[in-house]
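Hi,

Here is the model I said I'd pass on.

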Amino acid sequence: MTTLVQSVDWLAIAPPTLTALVALALLVADLFLPEARKPLLGLGAVAGLALALLSLLPLLDGDRATFCVDGAGCGYRADHFALTVQLLVLGGALLTALLSFTAVREQRLPAGEYWFLLLSSAAGAALLPAARDLATLIVALEVATLPSFALVGLRHGERRSAEAALKFFLSSVTATAVTLLGTAFVYASTGSVHLDAIAAALGDVDPQLRTLARVGVVLTLVGFAFKTAAVPFHFWVPDTYTGAPLPVAAYLSVVGKAVGFSGLALVTVRAFPSYGNVWGPALAVLAALTMTIGNAAALRQDPTRPFSAVRLLAWSSVGQAGYLLVPLASAAYTDRPEHALGATLAYALMYAAVNLGSFAAVALLGRGRLADFRGLYARKPALALLLAFFLLCLAGLPPGLAGLFAKLAVFEAAIDAGLGWLAVVTAVNVAIALVYYLRWTATLFRAPPEPATDAPATDVPAARDLPAAGAGTVTAVREKAPAEAPPRRPLALVTALVLCGLLAVALSAAPQLILRLADTRLF
């Protein structure tokens with residue numbers, strides 16, 4: 001007899017639970033704080049995310065599970081895979097919070113709503129990699145996604161932001177509806193929602209239900225492919241990134257992708273291993289199309305176009321999603337699927353650090369065109385060097401060894417699986433990506449553009465045109481001209497940039513820190 005009384009392992013569920021509780025606390029605190037003390041909400045968000053990260057430490061000693069049903073399985077499992085993705089998600093959310101202080105203040109975003117939405121989305125993203133049944137997966141996916149719509153459109157009265165949020169919302173809702181239909185088909189053909197039970201049932205499914213099961217497998221993948229911005233589910237990315245506040249675009253590029261890839265990994269390798277002949281070729285084709293279209297579009301960005309820096313990062317994130325899909329597709333063709341998943345996690349950790357760093361550099365300089373970065377080294381050498389290092393990591397060139405070794409792990413996964421054609425497509429796309437990454441890097445070190453000069457008569461009045469005071473009046477006019485104050489550097493933004501730089505340098509100096517994931521038992 002199955003008991004309905006379950007014991008809850010509160011330590012296992014601490015990371016998403018703490019994040020959700022802090023989000024609610026900030027929303028309530030916003031009702032009582034005066035306007036001058038609203039910045040305290042941001043500090044509370046950073047402290048809550050740091051606490052959620054610390055709650056991962058007691059879970060490192062083993063595999064913990066909760067919400068278990070006799071004979072069916074457990075709905076939540078804090079294994080190595082879940083903890084690694086939760087580290088990526090909560091760390092990315094913490095860096096996003098540091099990026100957000102300046103945006104919330106300067107763009108006059110509603111502080112209480114912003115921090116509540118950000119932490120609510122992070123709580124759903126932290127829940128998803130530990131979910132071990134389809135119901136929890138869908139709920140976590142929606143909890144991570146729904147606050148993102150509001151974050152994108154939070155700048156009230158701005159047309160670009162509203163259009164971006166609407167496009168993001170409509171495309172995501174359509175993908176979610178397709179995913180729900182797919183999970184319904186899977187449940188109808190297997191009689192279970194737990195991933196392990198589904199894997200066992202699909203291996204011996206009734207022949208009359210085999211077509212239904214295959215359709216369910218394909219449709220279930222659609223929603224997670226949308227979250228990864230895989231082609232053809234990528235069309236929302238450029239407009240959403242340029243219309244959203246810059247920290248929100250950075251969050252979607254890292255944490256949003258982590259949600260999609262962790263969901264894909266769970267439903268393919270954990271729930272649908274016997275249908276690798278269905279999802280393996282599909283993911284391989286998606287990977288090839290995604291990296292090719294993303295890199296080709298990034299290559300065509302006009303440096304004089306408004307928001308071209310953010311648009312290039314948006315298309316670059318689409319191309320990077322293609323690289324992340326390669327090991328997932330390879331998992332269907334090898335007897336070591338966890339090795340392939342390890343390559344995806346290794347690449348995702350590298351990508352999270354350097355991509356958030358790139359967004360932080362763009363935010364610190366100002367949200368503008370690629371042409372605005374010309375001569376940055378002459379004006380801000382430290383910022384130029386950091387941004388150049390991030391771009392070289394994304395390109396996979398020394399000294400960005402983190403990116404180089406992460407790409408080697410992707411190549412190894414494809415070759416070990418016998419997907420030589422996909423490895424060739426990946427190599428060609430890496431070469432294409434070198435062009436726009438190196439072009440942006442070279443722009444940083446070019447001579448700065450010549451400042452526009454006006455005639456002296458338009459700057460300072462001639463002596464004959466002044467009253468009887470003559471030269472003394474000219475001196476007075478010059479003394480009244482205020483000296484240009486040095487630009488203010490927000491502490492939180494600089495902190496986020498430095499943290500991303502330290503992570504990228506550490507991963508480049510010791511790439512085995514992430515490559516070791518490829519040889520670790522994830523489930």
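**A buried histidine to start with**

H234 counts as buried because its relative accessibility is 13%, where buried means under 20% relative accessible area, exposed over 50% and partly exposed in between (1.4 Å probe, protein chains only). Before going on, the ground rules: this is a predicted model, so local features need pLDDT of at least 70 and side-chain atom pairs count only at pLDDT 80 or more, while totals for chains, interfaces and linings use all residues. Residues are numbered from 1 along each chain as its sequence is written, and side-chain values use heavy atoms, with hydrogens and water left out.

Back to H234, which sits in the loop between α8 and α9. Leaving aside residues up to four places away in sequence, H234 touches A229, I293, W315 and V318, a contact being heavy atoms within 4.5 Å.

**The chain overall**

The protein chain has 21 helices and two strands; these are DSSP runs numbered from the N terminus (helices H or I, at least four residues; strands E, at least two). Of its 523 residues, 56% are buried. If you take contacts between residues at least 6 apart in sequence, 80% of them join residues at least 24 apart.

**Rings**

There are 12 aromatic pairs, counting rings of Phe, Tyr and Trp (its six-membered ring) with centres within 6.5 Å; planes under 30 degrees apart are stacked, over 60 edge-to-face and the rest tilted. One of them is F226 with W236, a tilted pair at 5.2 Å centre to centre and 35° between the planes. F226 belongs to helix α8 (residues 210-227) and W236 to the loop between α8 and α9 (237-243), so this pair ties together parts that are 10 residues apart in sequence. Both of these residues are buried. Ring pairs also link F226 and W236 into a cluster with F149, F168, F169 and Y241.

**Helix α7**

In helix α7 (residues 195-202), the buried residues are L195, I198, A199 and L202. They lie on the same side of α7, because they cover an arc of only 100° around the axis, taken from the directions from the helix axis to the C-beta atoms. Their packing partners are α5 (134-152), α6 (159-190), α8 and α10.

Points are joined across faces, edges and corners, and a volume is the space filled by probe spheres set on them.

The largest pocket holds about 810 Å³ of space. It is lined by 26 residues, and T84, L87, L88, L349 and L503 are the closest to its centre. Here the largest share, nine residues, comes from α3.

Cheers

Notes:
1 Å grid on protein atoms, 1.4 Å probe; cavity = no way out; pocket = protein on both sides within 12 Å on 5 of 7 lines; lining within 4 Å.
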